[in-house]
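Hi everyone, thanks for making time.

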Amino acid sequence: MAPPPKGPAARKLLCMCTLSLCLTYACYSLMGGPGGRRAPLAARAAPSASAPPASPASPAAEPSRAGAPAWLRTPPPDASPGPSRSSSSPGPGGAPATTPDYGEKRLPQALIIGVKKGGTRALLEALRAHPDVRAVGTEPHFFDRNYAKGLDWYRDVMPKTLEGQLTMEKTPSYFVTSEAPKRIHSMAKDTKLIVVVRNPVTRAISDYTQTLSKKPDIPTFEVLAFKNRTLGLIDASWSAIRIGIYALHLENWLQYFPLSQIHFVSGERLIADPAGEMAKVQDFLGLTRVVTEKFFYFNKTKGFPCLKKPEDSSAPRCLGKSKGRTHPTIDQNVIQRLRKFYKPFNVMFYQMTGEDFQWEQEEEEK
């Protein structure tokens, strides 16, 4: 039996059904399908005023901090912590104070304890170039001036570190502070100590030069250096002279720390061969030798090396105006008397450390 012919009414009904299905599908799509409705496009493009700002994609997105190149600076607190480059675990220093953002604050595992005008700032800046070292830029003076504030205060001064990074600080006056060895030992008996030493005569003149720049009305070096110049009696109570009696101060430290935990850096070699001295310091601290000769550039105007990053095209970073000051002219007879005064103490220091710093040889060559 043949099907009934399709008339105009049937075709009209078919078109209406098709149109209805299309409209239903369109509405379904606009409503977002399964999972609920989507906000209109304009509303989705504008962030909510109450929503927190998005975190930067990387630490590089943060604006640079003034005063130091990016490769020497502390990573921003909200940066994503990357993997540590060192396989060694953190040293002693007590339980870390957990913080909700970048890393944790820990007590230092290594300290630069001296000496003033020996080259401690240059050493600290070179160490801060190492990716596994985080150090305080300013001197905390915890173990000499701020000890009453407690270890919690001291820990809070420290920068945040990742697992495997080394926390450090430098305060040169620790070396000549009689209470400092015992206090540091009480904090952590296996703390590593670094002492930058320099020819005590040159160091004393440099110390005086710094004071003179701040107090131009002080007496001359020759006046301050002697109790009685006619008799040639050196005034060892003057701090500029007393600091250079290294053997006397070291004896105090050896009552609490073995010599194996104290590393001595030659201030002279730190200028003449910074990469060589840095290699020994990195070995002492258990760090990979990252800071090499490529990190240094000798500045003839300043008279000492400046730091730079090997792949960085920017100008090398030199220490500030307070470093490398021109020394006043000192009477040669006074200098000779100081050399004689320091010689037995220097010999004793060489014997105690097992290292000859050759200060007498350098003086003879001059």
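Let's start with the overall picture: of the 366 residues in the chain, 40% are buried, where buried means under 20% relative accessible area, exposed over 50%, and partly exposed in between, with a 1.4 Å probe and protein chains only. A word on what we are looking at: this is a predicted model, in which local features need pLDDT of at least 70 and side-chain atom pairs count only at pLDDT 80 or more, while totals for chains, interfaces and linings use all residues. Residues are numbered from 1 along each chain as its sequence is written, and side-chain values use heavy atoms, with hydrogens and water left out.

The chain has 13 helices and 11 strands; these are DSSP runs, numbered from the N terminus, with helices being H or I of at least four residues and strands E of at least two. As for contacts, meaning heavy atoms within 4.5 Å, residues 24 or more positions apart account for 69% of those in the chain with a separation of 6 or more.

Now please find the loop between β2 (110–114) and α3 (120–128), which holds Lys-117. Which feature does UniProt place at Lys-117? The unreviewed entry lists an "active site" there; UniProt positions are given in the numbering used here, feature names are shortened, and annotations may be inferred rather than shown by experiment. Is Lys-117 buried or exposed? Lys-117 counts as buried, because its relative accessibility is 14%.

The backbone here is worth a look too. Most residues other than glycine have a negative phi, and most peptide bonds are trans. Lys-117 has a positive phi of about 60°, although it is not a glycine. In that loop between β2 and α3 you also find Val-115, and the peptide bond leading from Gly-114 to Val-115 is cis, with omega near -5°. For another positive phi, go to Gln-358, which is not a glycine either and has a value near 60°. Gln-358 sits in the loop between α12 and α13 (359–365), and counts as partly exposed because its relative accessibility is 39%.

Back to Lys-117, and to a residue that touches it. Arg-203, in helix α6, is in contact with Val-115, Lys-116 and Lys-117, among others. Beyond neighbours within four places in sequence, its contacts also include Arg-198, Ser-239, Ala-240 and Tyr-246. Arg-203 counts as buried because its relative accessible area is 0%. What does its side chain reach? A polar atom of the Arg-203 side chain lies 2.7 Å from the backbone oxygen of Ala-240. That is a polar contact: a pair of N or O atoms within 3.5 Å, where within protein one must be able to donate a hydrogen and the other to accept it, and residues adjacent in sequence count only if both atoms are side-chain atoms.

You can see another one at Thr-191, in the loop between α5 (180–187) and β6 (192–197). Its side chain reaches the backbone oxygen of Ala-188 at 2.7 Å, and Thr-191 counts as buried because its relative accessibility is 0%.

Let's move on to helix packing. How do α6 and α12 cross? The axes of α6 (residues 200–214) and α12 (residues 332–353) come within 9 Å and cross at roughly 125°; axes are lines fitted to C-alpha atoms, for helices over the stretch in contact, and angles run from 0 to 180 degrees between N-to-C directions. The two helices are therefore oblique to each other, given that under 35 degrees counts as roughly parallel, over 145 as roughly antiparallel, 65 to 115 as roughly perpendicular and the rest as oblique. On the α6 side the contact uses Pro-200, Val-201, Ala-204 and Ile-205, and on the α12 side the residues include Ile-335, Leu-338 and Tyr-342.

Helix α12 also packs against α9, at an angle of about 35° with the axes 8 Å apart. Tyr-246, Ala-247, Leu-250 and Glu-251 of α9 make this contact with Phe-345, Met-348, Phe-349, Met-352 and Thr-353 of α12. Helix α9 (residues 246–253) is mostly covered, with six of its eight residues buried; among them are Tyr-246, Leu-250 and Trp-253.

That's my tour, and I'm happy to go back to any of these views.
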